[in-house]
Amino acid sequence: MPVYSMTGYASAQHSTATSASESEPKNQPITQLGLEIRSVNSRFLDLTFRLPEDLRQFEPALRELLGAKLKRGKIEVRASVETTSASNIPDPTPKLLQRLNAAQDSIRAWLPNANPLSVADVIRLAAAEQGSQRDWSADVMPLAEKTLKELLTARQREGARLATMLLSHITQLRTLAEQAGPLVPKLVEQQRIRFMERWKEAMALTDGATLPEAAQDRALTEATAFAIRIDVAEEITRVNSHLDELERLIKKGGEIGKRLDFLIQELHREANTMGSKSAALELTHISVDMKVLIEQMREQVQNLE
C-alpha cells in the first residue's frame with residue numbers, strides 16, 4: 001500500500017460552455033464552477049467547507065465523500081460560482097427589470113436620498129440571477145470526485161518522498177548503531193583496568209590493614225557495577241529493533257502515521273539513554289548524531305497519514 005502525506009492541494013473547474021448543446025443560443029450565460037481542496041497535517045480528520053449559498057446543500061454529500069477517502073488531516077474545501085455571458089454582458093429579463101424597478105420605488109419612498117440603480121448594478125444582478133437558477137446536482141459531485149482523486153495523487157506523491165527520506169535516515173541510524181556496538185566491550189574493559197589500577201595505587205598507600213584479596217574483590221565488584229551502568233548494549237539492541245519495525249511499516253504503507261510517531265518517541269528515548277550512560281566522547285557523539293536524525297524523522301512523520 002502507498003504511504004500518504006497529509007499535505008496536498010488540488011483544484012478543478014467545470015464550465016457550462018463545455019456541455020452546452022448546439023441548439024442553445026450563442027449568448028447563453030456561461031457559468032463556471034470552481035472547486036479546490038487544501039490539506040495540511042492534523043491529529044484527526046478536520047473538514048472545513050467554504051461554499052457559496054447555491055452549493056450549501058451539497059455539504060453533507062461532500063463530507064461523506066471526503067470522509068470515506070481521507071483518515072487524517074485538516075481539510076479545507078472551497079467552491080466558487082462565476083457567471084458571465086458569451087458577450088460578457090448578460091441580458092436582464094423583463095421580469096427582473098420589473099422587480100428591480102418596484103424594489104427601487106419602494107426603497108426610495110423610505111429613503112429619498114438613496115442612489116438610483118445604475119446599468120452596472122442591473123447587469124450584475126442579472127448575472128447573479130442567471131447563475132442562481134442553475135441546478136448543480138449533476139456537476140458538483142463528479143467535480144468533487146475528480147478533485148479528490150487529484151488530491152490523493154498529490155498526497156501519495158508527497159508521501160513517497162517522505163518515505164524515501166525516512167528509509168535513508170533509518171540506514172544512517174543503523175550505521176551509527178553498528179559503530180556504537182564494538183565500543184561497549186572496549187569501554188567496559190577500559191573501565192575495569194582503570195578501577196584495578198586505582199585500587200592498586202590505593203593499596204600501596206594503606207598500612208596493610210585491609211587484605212589484598214578483599215581489596216581486589218571489592219575492586220572487581222565496583223568495576224562490574226560500573227560496567228553495568230555504562231553498558232548500552234541493550235539500548236543498541238532496542239534501537240535496531242525499533243528501526244526494523246519502522247522499516248517494515250514504511251514498506252507496508254497504509255495509515256501508519258500514528259504508529260510511526262510512537263516508535264520515533266521510543267527511538268529517541270533509547271538514544272537519549274545511550275547519551276546519558278556514555279563513558280566515552282565517541283559514544284556521546286554517536287548519541288548526538290542519532291538524536292539529530294531522529295528529530296528530523298519526527299518532523300517528517302508528523303506529515304504522514
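# Helix packing in a predicted model

Ser287 touches Ala271, Met274 and Gly275, when residues up to four places away in sequence are not counted. The structure in which these contacts occur is a predicted model, and its protein chain has 9 helices and 4 strands.

**The chain as a whole**

- Read from the N terminus on, the elements of the protein chain follow the order β-β-β-α-β-α-α-α-α-α-α-α-α.
- Of the 305 residues in the protein chain, buried residues make up 36%.
- Among the contacts in the protein chain with a separation of 6 or more, 83% are between residues 24 or more positions apart.

- Helix α8 covers residues 257–277 and helix α9 covers residues 281–301, and the two pack at an angle of about 165° with their axes 9 Å apart.
- Because an angle over 145 degrees counts as roughly antiparallel, α8 is roughly antiparallel to α9.
- The crossing that α8 and α9 make is left-handed.
- On the α8 side, the residues that make this contact include Leu260, Ile264, Leu267, Ala271, Met274 and Gly275, while on the α9 side they include Leu283, Ser287, Met290, Ile294 and Val301.
- Sorted by class, the contact of α8 with α9 has 10 nonpolar, 6 polar and 3 charged residues.
- Ser287, which lies in helix α9, has a relative accessibility of 1% and therefore counts as buried.
- The side chain of Ser287 reaches the backbone oxygen of Ala271 at a distance of 2.8 Å, and Ala271 is also one of the α8 residues that make the contact with α9.

- The axes of α4 and α9 come within 10 Å and cross at roughly 165°, which makes α4 roughly antiparallel to α9.
- Where α4 passes α9, the crossing is left-handed.
- The contact draws on α4 residues including Leu162, Met165, Leu166, His169, Ile170 and Leu173, and on α9 residues including Leu283, Ile286, Met290, Leu293, Met297 and Gln300.
- By class, the contact of α4 with α9 has 15 nonpolar, 5 polar and 1 charged residues.
- Met165 lies in helix α4, which spans residues 140–180, and because its relative accessibility is 29%, Met165 counts as partly exposed.
- Although Met165 and Gln300 are 135 residues apart along the chain, their C-alpha atoms are separated by 8.3 Å, and both residues are among those that make the contact of α4 with α9.

**Helices α4 and α7, with Ala233**

- Helix α7 covers residues 233–252, and α4 and α7 pack at an angle of about 160° with their axes 10 Å apart.
- With an angle over 145 degrees counting as roughly antiparallel, α4 and α7 are therefore roughly antiparallel to each other.
- The crossing in which α4 passes α7 is left-handed.
- From α4 the contact involves Ala163, Leu166, Leu167, Ile170, Leu173, Arg174, Ala177 and Ala180, and from α7 it involves Ile236, Asn240, Leu243, Asp244, Leu246, Glu247 and Ile250.
- The class count for the contact of α4 with α7 is 11 nonpolar, 1 polar and 3 charged residues.
- Leu166, Ile170 and Leu173 of α4 are among the residues that make the contact with α7, and they are also among the α4 residues that make the contact with α9.
- Ala233 has its place in helix α7, and at 33% relative accessibility this residue counts as partly exposed.
- The C-alpha atoms of Ala233 and Gly181 are separated by 6.8 Å, with the two residues lying 52 residues apart along the chain.

**Thr147, another residue of α4**

- Thr147 is found in helix α4, and with a relative accessible area of 0% this residue is buried.
- When its neighbours within four places in sequence are left aside, Thr147 is in contact with Ala10, Ser11, Ala12, Leu35 and Ile37.

Technical notes
Residues are numbered from 1 along each chain as its sequence is written. This is a predicted model: local features need pLDDT of at least 70, side-chain atom pairs count only at pLDDT 80 or more; totals for chains, interfaces and linings use all residues. Side-chain values use heavy atoms; hydrogens and water are left out. Axes are lines fitted to C-alpha atoms, for helices over the stretch in contact, and angles run from 0 to 180 degrees between N-to-C directions. Angles under 35 degrees count as roughly parallel, over 145 as roughly antiparallel, 65 to 115 as roughly perpendicular and the rest as oblique. A crossing is left-handed if the near helix is turned anticlockwise from the far one by less than a right angle, and right-handed if clockwise. Contact means heavy atoms within 4.5 Å. Ala, Val, Leu, Ile, Met, Phe, Trp, Tyr, Cys and Pro count as nonpolar, Asp, Glu, Lys and Arg as charged, and the others, Gly among them, as polar. Buried means under 20% relative accessible area, exposed over 50%, partly exposed in between (1.4 Å probe, protein chains only). A polar contact is a pair of N or O atoms within 3.5 Å; within protein, one must be able to donate a hydrogen and the other to accept it, and residues adjacent in sequence count only if both atoms are side-chain atoms.
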